[in-house]
Structure formats: C-alpha cells, structure tokens
Amino acid sequence: MTSIYIHIPFCKQKCLYCDFYSIDSTQFMDEYVRFLCLEMDLFCRQNTVKSIDTIYIGGGTPSLLSNEQLSTISKSIERNFILNSVLEWTIECNPGTVTAVDFEFYLSLGINRLSIGLQSLNDNELKLLGRIHNAKEAEQTINAAQEAGFENISCDLMFALPNQTAKSWENTLDCILKFNLQHISAYSLIYEEGTPITNKLNAGKIKRKSAEFDYKLYEIAFTKLVSTGYEHYEISNYAKPTFESKHNLNYWLFGNYYGFGASAHSFFEQKRFSNVSSVRKYIDLLNIKILPIEFSEVMNRDESLMEQIFLSLRAKGLDINSLPKKSDTTSSQISGYINSLIKNDYAALENGILRLTSKGYFLTDEISVKFAEFF
C-alpha cells in the first residue's frame, strides 16, 4: 500500500499536552495552502510515485481550512497522483471548528472517513487539557457528522489524566458507545517534554497518575469496547469489523507514505524524509523551488529489523519465520522468551505469527526491545 499524509499545522489554540508541530494562528493559511500544492507538484516531478491507497489530512486542526482551501488541496492531490484505488480518505476535525455544511462538503470531495478529536466528554477534563470545546459541543459534532451521511467515523479519547477518575472515564466511554462509531482510539496521556502540561507537572501543580491506575483505565476501555463488538487491533485502537484504519495499518505494516506540509514525514524505497518544522521556513524554501526536506536517511539492516519488530507487534503480529536465522543457542533463547510471553498471557502464537494480547500490548515497547536484543 501507498499513502499520502497532509499536515495542516494551524490551531485556534494549542492543547496543553500536544507536541506535534502546530501554531495557534491562521495568519498564513492561504499562503501555506498554495505552497503545499507547490510541494506536491515539485515532489511528483522529481519522483516516480505509486498509485495511492489512503489519504490522511492531519494537524494541527485541518477543519480550520475553508472549503475553498480544502478544495484547492484536493485538486492538487488529484492532479499529481493516481487515485483509482483509494480505499480511505480521512480528515481530522475538532468540535468547535466544523459544521454540518462542512461535513457535506467533505463528502462531496470524496473524503469518506472522519477522525474527531474529542479526548474526553467531561468538561473539567477538557478544560485541563486546554481543549476549545465542551462535552455538549463534542456530541453535537458527532451527531452532525452522522446526519450528513458519514458512515466511517473515528474518535480520539485520552485517559490517565491528572483529574480523571475511573468513573469519569467509564462515563466518557458509555456516552461514546451510544453513538455506535466505527472506530475508537484510546490513548494514555504522555507528558512530552516542553509541553505546558509537563511544565505544570514539573512545577508540582498537577500529579501524574500511577502506572497501576493507567493500566486499570486501559483495562476498563478494553473490556467495554471489546464486549460491545470492537476489535482491539492495535495498542490504542479499536474498530468494528472491517473498519480498522487502513492508513495507520499501512504505517504499522511498513508501507510507503508520502508526507506533505511543514514537519510531515515520508517513507519510501527504504528511505526516511522529514520536512522542516516551521511554516515560514517551509514557505521560503518552496518559494525558491526547493523541497523543504530537513532530514533524510537510508535505513540500515538493524534499523529496519527493529522497526519491523516494533510495528508488527503493536498491530497485526510478528511473523517469526521472517526474522533472520540465528544460532541454535540464540534460537533456543528466542523460543524460551516466546514461551514465557505465552505462559504469562502476554502473547499468543498461531501459524508462526506472534500476536500480543491486550495485556501484552501494554508492554509493547519493553517486549520489542527484548526481541531486538536477540538480533
């Protein structure tokens, strides 16, 4: 599979936990859209591109784009890429930035999937996270999307928040389940260095939840969602049958993807690229017809193997037979480690595919590092 990712780095205001590149201003949006299209033009002149299977417009807050701006981006994608096999086209949107009219326009462009950033349906928790919407607005946004005709909607939720209780987390989940959405992502709050919420933590103004409490909320989500028909197909992701995020699966299965926009990443032909994380620098480089690539590397064997192990374990499972052959001693150690994972209910082995259980998913990083040590 081959995917396109478009980064829209504009927000009304930065959420307190966010470390993705974005700016709380829309001043340069028109200019940015114009140069985003130029980047696609330049890239396709310099590279032989493959037919596209998924498109994802993320941010930032892509739903801040006007319909005219989004139409301009859509036309650029259509002009530069073969889209006959597109299975999924997603746009991220946030309550408070999108209307029913916008949803209808998205559908008219061919966008067939929404990713709605809710995080919580508790007003106190939303305020602590620095979200611009309240719980009522979040529910109204979901209703508007469904009434407009969207049949593939995902929402993002966040747990282990400083002021969160098991009860408030259950309430959020129970409320979301009433909408019968096709996909739910449930993430544990990560305190990224330099973010306002981490600064509050370091100043003693808030307290981090314990790992035990974190796991308790993870278990609550797993139990509720799986019992109501969702498949836990990746660490933080749950989907109704056939509604797994095809775009994200392409990342996890080591597929090709072309990234456009400030700070966007690409991976193809075993090479990684990342763009500059500055709207101003991004525009300045493209203005002189230079692709805004800040970093590139060719992955070596060890990096590729580690990536394969980590991405496979966090998603559909690791094909044990695809791993490099080792000495009898090391092979015995690997078998012993796999058996210990199975015995402790961290994994299951079927037809040579090692899949983590919900319990094992919580330890994906630790398990991946241990596996990599054998190679």
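# A walk through the model

Start by selecting helix α12 (residues 328-343) and helix α14 (residues 364-373), which pack at an angle of about 165° with their axes 10 Å apart. Because of that angle, α12 runs roughly antiparallel to α14; angles under 35 degrees count as roughly parallel, over 145 as roughly antiparallel, 65 to 115 as roughly perpendicular and the rest as oblique. The axes are lines fitted to C-alpha atoms, for helices over the stretch in contact, and the angles run from 0 to 180 degrees between N-to-C directions. The two helices cross in a left-handed way, a term used if the near helix is turned anticlockwise from the far one by less than a right angle, while clockwise is right-handed. Show the side chains of Ile334, Tyr337, Ile338 and Leu341 on α12, and of Ile367, Lys370 and Phe371 on α14, to see the contact (heavy atoms within 4.5 Å). Sorted by class, this contact of α12 with α14 holds six nonpolar residues, no polar ones and one charged. Here Ala, Val, Leu, Ile, Met, Phe, Trp, Tyr, Cys and Pro count as nonpolar, Asp, Glu, Lys and Arg as charged, and the others, Gly among them, as polar.

Before moving on, a word on what you are viewing. This is a predicted model, in which local features need pLDDT of at least 70 and side-chain atom pairs count only at pLDDT 80 or more, while totals for chains, interfaces and linings use all residues. Residues are numbered from 1 along each chain as its sequence is written, and side-chain values use heavy atoms, with hydrogens and water left out. Helices (H or I, at least four residues) and strands (E, at least two) are DSSP runs, numbered from the N terminus.

## Second stop: α1 and α10

Now select helix α1 (residues 29-46) together with helix α10 (residues 279-287). Their axes come within 10 Å and cross at roughly 50°, so α1 and α10 are oblique to each other. This crossing, too, is left-handed. On the α1 side, look for Glu31, Tyr32, Phe35, Leu36, Leu38, Glu39 and Leu42; they meet Val279, Arg280, Tyr282, Ile283, Leu286 and Asn287 of α10. The residues of this contact of α1 with α10 comprise nine nonpolar, one polar and three charged.

Side chains of opposite charge can pair when their charged atoms come close. A salt bridge is counted when a side-chain nitrogen of Lys or Arg lies within 4 Å of a carboxyl oxygen of Asp or Glu. How many salt bridges does this rule give? The count comes to 10.

Aspartate 174 is partly exposed, with a relative accessible area of 32%; buried means under 20%, exposed over 50%, and partly exposed in between (1.4 Å probe, protein chains only).

Next, select lysine 316 and glutamate 231, joined by a salt bridge at 3.9 Å, N to O. Glutamate 231 belongs to strand β7 (residues 231-234), and lysine 316 to the loop between α11 (301-314) and β13 (318-319), 85 residues apart. Lysine 316 has 31% relative accessibility and so counts as partly exposed.

Which residue also meets lysine 316 in a salt bridge, at 3.8 Å? That partner is glutamate 244. Glutamate 244 lies in the loop between β8 (237-239) and α9 (246-252), so the pair ties together parts that are 72 residues apart in sequence.

Is glutamate 244 buried or exposed? At 13% relative accessibility, glutamate 244 counts as buried. Not counting residues up to four places away in sequence, glutamate 244 touches Glu88, His183, Glu231, Tyr233, Ala239, Leu249 and Lys316.

## Last stop: backbone details

Most residues other than glycine have a negative phi, and most peptide bonds are trans. Zoom in on glycine 59 and glycine 60, which are joined by a cis peptide bond with omega about 20°. Glycine 60 sits in the loop between β2 (54-59) and α2 (67-80).

Then pick glutamine 119, where phi is near 75°, a positive value in a residue other than glycine. Glutamine 119 is in strand β4 (residues 113-119) and is buried, with a relative accessible area of 6%.

Finish at glutamate 269, where phi is also positive, near 55°. Glutamate 269 lies in the loop between β10 (265-268) and β11 (271-275) and is exposed, with a relative accessible area of 57%.
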